[in-house]
Amino acid sequence: MTEGSTHSVKFTERDKDDFFNNLGQLYILKRTNAGQPYDRRQLLLIFTNMKCMKTTQEGKNQYGNGITKSGISMMFMANNDIRPHQEIPHEIMHGAGLPHSFKETTEKDKAKTHIFKQGSTDNYMDYNNEAKRKHLWHWQWDKLYKSRYAK
Ligand SMILES: [Zn+2]
C-alpha cells in the first residue's frame, strides 16, 4: 500500500491481496501463540480510523469504505462518505461469500446467481442505492446460512 494524504492509504487489487494474506497469517500466528488455534468459522472484522482510496477500473480515485478477502473485512471509518449501518453488513456478507448484485469482471460474475443493473435494487449487495438499501434476497440468506461462518 502507498500512503496518500495524512492517515490515509491508497491500494491496488494486488496490494489488497498481499495485505490480507499478511494480515490473515498474522492473526493465525497470534491466535496460535495465545493457545487459541484459528477456527475457520471465524470472520475477522477490523475497524480503522484511517481513510482509504482505491482506483476504479476507469482509473478514477474514489473512497474504499470497506475491503474484504477470504473471511477478513476491514472498514475505513474516517472516509468522508461512509454509511456504517449499510456498509458494515455489506462487508460482512462479502466475507461470508456474497458477491455484488451487479455486473463486474467476467471472473467475479462467475460466482453470481443473478445479475442486476447497478443501483436498480434495494439490496445490501448493490451499489448506488444508498437511499433504499435494506434487503437481501432469499437465495442470499440461503448462501449465508450454508456458509462456514453460520455453523
Ligand atoms: Zn462490495
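Me: How many bridges join strand β4 to strand β5?
Reply: First the general idea. Strands of a sheet pair through backbone hydrogen bonds, either parallel or antiparallel. Now the case here, in a predicted model. Three bridges join β4 (residues 51-55) to β5 (residues 61-63), and the two strands run antiparallel. Met 53 has Tyr 63 of β5 as its bridge partner.

Me: What do β4 and β5 form, and which residue in the turn has a positive phi?
Reply: They form a hairpin, with five residues between the strands. Gly 59 sits in the turn, and its phi is positive, about 85°.

Me: What is the order of strands in the open sheet?
Reply: The open sheet has three strands, ordered β3-β7-β6, and the pairing is mixed. β3 (44-48) and β6 (66-69) are at the edges with a single partner strand each, so one side of each has no neighbour in the sheet. On average, neighbouring strands of this sheet are turned by 15° against each other, direction ignored.

Me: In which sense do β3 and β7 pair?
Reply: They pair in the parallel sense, over five bridges. Strand β7 covers residues 72-76. Leu 45 stands opposite Ser 73 in β7.

Me: Which strands does helix α1 lie across?
Reply: Helix α1 (residues 13-33) lies across β3, β6 and β7. It runs at about 70° to β6. Helix α2 (residues 84-95) also packs on the sheet, touching β3, β6 and β7. The direction of α2 makes about 160° with that of β7.

Me: What span should the 12 residues of α2 have?
Reply: Count 1.5 Å a residue, taking one less than the number of residues. For α2 that gives 16 Å, and its end C-alpha atoms are 16 Å apart, which agrees.

Me: Which residues of α2 are buried?
Reply: The test is a count: 20 or more other C-beta atoms within 10 Å. In α2, Glu 87, His 90, Glu 91, Met 93 and Gly 95 are buried. Their cover includes β6, β7 and α4. Just after α2 comes Gly 97, with a positive phi of about 110°.

Me: Where is the mean pLDDT lowest among the elements, and where highest?
Reply: Strand β1 (residues 2-3) has the lowest, 50, and helix α4 (residues 138-146) the highest, 95. For the protein chain the mean is 88, and 95% of residues reach 70 or more.

Me: Which domains does the assignment give?
Reply: It gives domain 1 (1-82) and domain 2 (96-151). Their C-alpha centres lie 20 Å apart.

Terms used. Residues are numbered from 1 along each chain as its sequence is written. This is a predicted model: local features need pLDDT of at least 70, side-chain atom pairs count only at pLDDT 80 or more; totals for chains, interfaces and linings use all residues. Domain bounds come from an automatic or database domain assignment. pLDDT is the predictor's confidence in each residue, from 0 to 100. Helices (H or I, at least four residues) and strands (E, at least two) are DSSP runs, numbered from the N terminus. Two strands pair if DSSP finds at least two bridges between them. Axes are lines fitted to C-alpha atoms, for helices over the stretch in contact, and angles run from 0 to 180 degrees between N-to-C directions. Two residues are in contact if their C-beta atoms, placed from the backbone, lie within 7 Å. A residue is buried if 20 or more other C-beta atoms lie within 10 Å of its own, exposed if 12 or fewer, and partly exposed in between; C-beta atoms are placed from the backbone.
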